[in-house]
Amino acid sequence: MQQITLFVNSLLGGLFQMSGLEIVKMVAMWVIGGLLIWLAIKKQMEPTLLLPMGFGAILVNLPLSGAVNQQYPTGLEIGPIDELFEAGISNELFPLLLFIGIGAMIDFGPLLQNPKLLLFGAAAQFGIFLTLTLATVLGFSITDAASVAIIGAADGPTSIYVANYYGTQYLGAIIVAAYSYMALVPIIQPPVIRLVTTKKERSIRMPYRPGHTSKTARILFPIVVTVIAGLVAPRSVALVGFLMFGNLIRECGVLNGLSETAQNTLANLITLLLGLTVSTKMQADQFLNLQTLMILALGLVAFVFDTVGGVMFAKLINLFSKNKINPMIGACGISAFPMSSRVVHKMGLAEDPQNFLLMHAAGVNVGGQIASVIAGGLVLNLIAR
């Protein structure tokens, strides 16, 4: 009975120490956490990340939550989520481990059969640099602007890596925006693509001729890409290297069990821990402010203009090409793999039931994965913290 009384007194004491505004903010974060959980379960939008992130948002916004660091008269009490953040995110460990799993999932075969598709991935990073400029104009510091702009890469681990590298205070908002927009690819991309293409362009057929990619080429590709990326943007070596190492595990043929573990167990476990851990940056006093709304808006701008950049590059190529390219595949240059390629494939079928764009779109999509990581490395090279 005494323990119950002490617990009630502690809870009421924590509430009484909070102002009315702080209580409103706390409840608002519970609602946001509940919304993320609802999106994960009901809409199945990135459930392995949004579910732990939503639950974590509630967890860290309870009065005097023991999940995060708390300062008591007796001293600082370390919360497990903050401890996990220091162990896995502040040193970029979780994002890099996740890249191994992502690399093991990706089949670079379509890209190797048509290497020029990598150019579409590069073109689709336009929104990053546009948003970087816009964020600076709106008053963000150059490092915060760079962290926000990387949302346009549509690559959650890269966004986390870059934002954490610069030590931005907006890490929570950036991660929520990055993964939310990735999950919203089927909603965001189609209207943008329709806006900048005509029905005739969307109906362009691209016959696919399956080719054979030798095992030697598949093994050499991740090694060569890592070396080239390291020479062009040295700070991208960790990002590109871990991604390509994961792919090398997949393609070498002697580590099949490890490849399956990386694709499933490792990727899912790290994503779950990542979602729970980043919630420490979703505490109400840090998250609910004007800057968060601006970051969500800027992230959408980056995402939209990355899509536009890829489509417009394809249309530019068509001006000089005899064999026309369906410009919709340029939209797959963002790194939202494989959602974007599926979206474009469905749009192609909607215009013409015999228009199969999946393999072309997938080639651009995996090229976008590489390009987004290199873009993150270029930003780290160009902007000193």
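Me: In this predicted model, which residues of α16 are buried?

Reply: The buried residues of α16 are S259, A262, A267, I270, T271, L274, G275, T277 and V278. An α-helix has 3.6 residues a turn, so residues three or four places apart point the same way. Among the buried positions here are A267, I270, T271 and L274.

Me: Against which helices do the buried residues of α16 pack?

Reply: Their partners are α3 (47–59), α4 (80–88), α5 (93–105), α10 (156–165), α11 (171–183) and α15 (237–251).

Me: How many residues does α16 have, and what span does the helix reach from its first C-alpha to its last?

Reply: Helix α16 covers residues 256–278, which is 23 residues, and reaches 31 Å; this is close to the 33 Å expected at 1.5 Å a residue.

Me: Where is the kink in α16 centred?

Reply: The kink, of about 40°, is centred on A262. A262 is also one of the buried residues of the helix.

Me: Turning to the surface, which residues form a nonpolar patch?

Reply: The patch consists of L220, I223, V224, V227, I228, L231 and V232, and together these have about 650 Å² of accessible area. V232 belongs to helix α14 (residues 215–232).

Me: Is V232 buried or exposed?

Reply: V232 is exposed, because its relative accessible area is 53% and the cut-off for exposed is over 50%.

Me: With which residue does R202 form a salt bridge?

Reply: R202 pairs with E351, and the closest N and O atoms are 3.0 Å apart. This pair links distant parts of the chain, with R202 in helix α13 and E351 in helix α19 (residues 339–351), 149 residues apart. R202 counts as buried, at 10% relative accessibility.

Me: Which residue forms a salt bridge with D352?

Reply: The partner is R205, with the closest N and O atoms 2.7 Å apart. R205 sits in the loop between α13 and α14, and D352 in the loop between α19 and α20 (358–382), 147 residues apart. D352 is buried, with a relative accessible area of 13%.

Key: Residues are numbered from 1 along each chain as its sequence is written. This is a predicted model: local features need pLDDT of at least 70, side-chain atom pairs count only at pLDDT 80 or more; totals for chains, interfaces and linings use all residues. Side-chain values use heavy atoms; hydrogens and water are left out. Helices (H or I, at least four residues) and strands (E, at least two) are DSSP runs, numbered from the N terminus. The expected span of a helix is 1.5 Å times one less than its number of residues. The bend at a residue is the angle between axes fitted to the seven residues ending there and the seven starting there. Buried means under 20% relative accessible area, exposed over 50%, partly exposed in between (1.4 Å probe, protein chains only). Contact means heavy atoms within 4.5 Å. Patches are made of residues with over 30% relative accessible area and no salt bridge: like charges are joined within 9 Å, nonpolar side chains (Val, Leu, Ile, Met, Phe, Trp, Tyr) within 5 Å. Accessible areas come from the Shrake-Rupley method with a 1.4 Å probe; for residues, only the protein chains shown count as cover. A salt bridge is a side-chain nitrogen of Lys or Arg within 4 Å of a carboxyl oxygen of Asp or Glu.
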